[in-house]
Amino acid sequence: MPSKAKTGKKLVIVESPAKSKTIAKYLGEGFIVEASIGHIRDLPQPSELPAELKKTPLGKFAVDIENDFKPYYVVSSDKKKKVAELKAQLKDADALYLATDGDREGEAIAWHLLEVLKPKVPVYRMTFGEITKEAIHRAMDNLRDVDQDLVDAQETRRVLDRLYGYEISPVLWRKVARGLSAGRVQSVVTRMVVDRERERMAFKAASYWDLTGQFGADSGSFKAKLAAVDGAKVASGRDFNDNGELTSRNVVHVNEELATALAAGLQSADFSVRSVDTKPYTRRPAAPFTTSTLQQEAGRKLRFSSKSTMQVAQRLYENGYITYMRTDSSALSDEAVTAARRQASELYGTEYVPQSPRVYSSKAANAQEAHEAIRPAGDSFRTPAQVAKQLSGDEFRLYELIWKRTVASQMADAKGSTATIRLGAVTVGGTAAGRDTEFSASGTVITFPGFLAAYEEGKDESRGDDDSEEARRLPNVAKGDALQASDIVAVGHETSPPPRFTEASLTAELEKKGIGRPSTYASTISTIQDRGYVRKQGSALVPSWIAFSVIRLLEQHFHDYVDYEFTADMEADLDKIANGQAAGPAWLKHFYFGADSEPGLLSIVNNLGEIDAREINSIPITDGITLRVGKFGPYLESSVATVDPETGEIVEAARANVPEDLAPDELTAAKAVELMETAAPEERVLGTDPHTGHTVVAKNGRYGAYVTEVIPEMTDEQLANQPVEYYKNGKPKPAKKPVKAKPRTGSLFASMSVDTITLDQALQLMSLPRVLGQDAEGNPITVQNGRFGPYLKKGTDSRSIGSEEEIFTITLEQALEIYSQPKQRGARAAVPPLAEFGPDPVSEKNIVVKEGRFGPYITDGVTNITVPRSTSIEELTRERAVELLAEKRAKGPVKRTTTARKAPARKAAAKK
């Protein structure tokens, strides 16, 4: 067979279309650059396996647990067309270049492409840390093979996550709620947020006081704070523990009485300077950004969520503005160091650049130095002003942040001096006469800004007193100088609980503990919000009560799998696989099946024993009141039996719903009692329906108050008298459980309540919809109440009416008059949109955010997409809205699954 004629074409495959367009510009003619658009194949759901494989060792996980945990991959249905296109391009190519990202995920994508495309031409692995002409040409000079160790590491993680989720999640379904999920990193991150809330719930505040005053000298005045009384340091917030107990020794706890007495005794006291201490001040710049520190700083300074940060960074990378954004390394290449030093010198002066380049190394646990830090792309950096017109708002802000941090990292230290003045006086008169008091004031003066001229790192919220030295200049005073005091006042304080995690501080804590990989932090934090385990309150992350139940179950029955150290050690083991120091199959075997005295996941799941679901979902709040996590949300329940005042009988324990926006640490004992005392009755018997004899009750439900009838269960005698069905052989079939009749229900009007509604009103509500009559064509017209208010219905034509009360008073004539008017399309559009973002670049229609039935959604009038739960309306940007709409368009219309009706059996054709 003749060999294929050479065409001179070379096929380059990357992950994303944006990346392919940028790279194509630098490679020039002869290269065809195509995008795989992410992974082309993955593990299928076990239900999607071929029938002949479902009863094999592959059946449970789509992983062969008896054959070295070999995964069963399938090409995704939405990627089959893409694979066919790549194969067609490959037929005309003389070489294949796999140019996916250089991390584990990118290496795995390259390997899967190799496995599926089965190229018969030379294959080269091409990696680069930035998309610039110089970087692409350097990559072409440093081609290599696919790194099988990295592929094994990614595959091991994928299989591990499948084993973890598929074994543990079903336990959560059975004991907490359907639809929940467990994850190797996700569950540990949720535990961190829950643990912090537990600390806040257990916290007991301590009260302490001090004094402040204004003090003047000939050279100026300054503010100072009480530091010591009779030589003993005054207790501050950091001297108390979380139980409100004073833990520091040799300190004086100033209470309100003493503070007030000291303030009174110092009004006419003679103050003088006791000491002046001046020390040199030096501050070094922060290291260039890693994935983790970029997410933290973008959260602090730009108010970006971790997910938004990574999405914007991805676009900057793919379009050639920054280096690869998934990295643990804070090191810069020699070219980048030279570029940063040169730019700092040009913009700020040679004195702002140290003699020797600065060298940085990562301090985080399990850090890897495989990539460079995140920095502006190129061997010379473009300033923010030079790229401003090419970038969107969010892209510019993030680029500017990265540029400033990179340039500042190679600049000189900030220099200055810190002065501390201690001054004192003895109280005169009153109940605290003769007490020696000492005040203190500190200030830092920057004499040479150094790197601060370009950039200053942000800080997360911290506990304790704000004793930060302000950038202020204190007056020039000397020991013994007299001071004029004024405005000496007593000031009360309370210790504060540990601050809740923000996305930035949670990311920092994850990196510190070595849990997960920084490249996955954004998606993990987004996932725990999307799953309903955590919600945002401002920028703080607040756990839901269902998260408490999930973590409690995992701690009691899967302790190691949510243990911080165990998870970090597991991450280190997976890194060994990436480095070729361990084998994935052997590690998975030990994890799943265990070894010697160490049980594996399978053994733990098979020997769980009895799990008390009620106990798992119960959290004592105070004596007699317990919070329960129920099917329809959290509620409070009294453990004290409730006695009917009329009959004296013990009835069901009292309950109260817990407001959705009430954070767990805000549900104090006092608040629980208040909710129980003000709770409307869960159920109130209204009487008997004279037509059916059924009891009618009013209830408070998850979606509001409603009335319903109680249909009694069938008696044993009635069940015994049910007609018997027989098989063809004459034997009776087992008795079927009778279909339970559906009770009539009706939602209460806004003007009604469970306490006041009458039987007659309830019967009216349960009679809805109300038939008004027919129109001229014989179409029936009804009136009813809906989620969005009262309305008329005629076939598929619905019309809103004024008020709920009109449901029982509107006449057929009035309804026909309403239907005679043109339908007001979009009548609800009178409600202003939640946000507006201008025209969409594709549809050219205005993009708005509206409140919908299932929450806020983005629309351009053609395409709708729900706002992700992990993104608040305030965080949503025009760029993100455009991106979400584009993603929805790319997916195409949702394919609705319909149950095909079984065709009637055809009669056999008569034989001729």
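Mentor: The sheet is open and consists of four strands in the order 31-32-33-34, with antiparallel pairing. Strands here are DSSP runs of E with at least two residues, helices are runs of H or I with at least four, and both are numbered from the N terminus. Two strands count as paired if DSSP finds at least two bridges between them. Strand 31 (770-774) and strand 34 (797-800) are the edges; each has a single partner strand, so one side of each lacks a neighbour in the sheet. On average, neighbouring strands are turned by 25 degrees against each other, direction ignored.

This is a predicted model, in which local features need pLDDT of at least 70, side-chain atom pairs count only at pLDDT 80 or more, and totals for chains, interfaces and linings use all residues. Residues are numbered from 1 along each chain as its sequence is written, and side-chain values use heavy atoms, with hydrogens and water left out.

Four bridges join strand 31 to strand 32 (residues 780-786) in the antiparallel sense. Gln774 has Pro780 of strand 32 as its bridge partner.

Helix 23 (residues 812-820) lies across strands 31, 32, 33 (789-794) and 34, and runs at about 80 degrees to strand 33. Axes are lines fitted to C-alpha atoms, for helices over the stretch in contact (heavy atoms within 4.5 Å), and angles run from 0 to 180 degrees between N-to-C directions.

For context, the protein has 24 helices and 38 strands, and its C-alpha trace spans about 120 × 100 × 75 Å along the principal axes.
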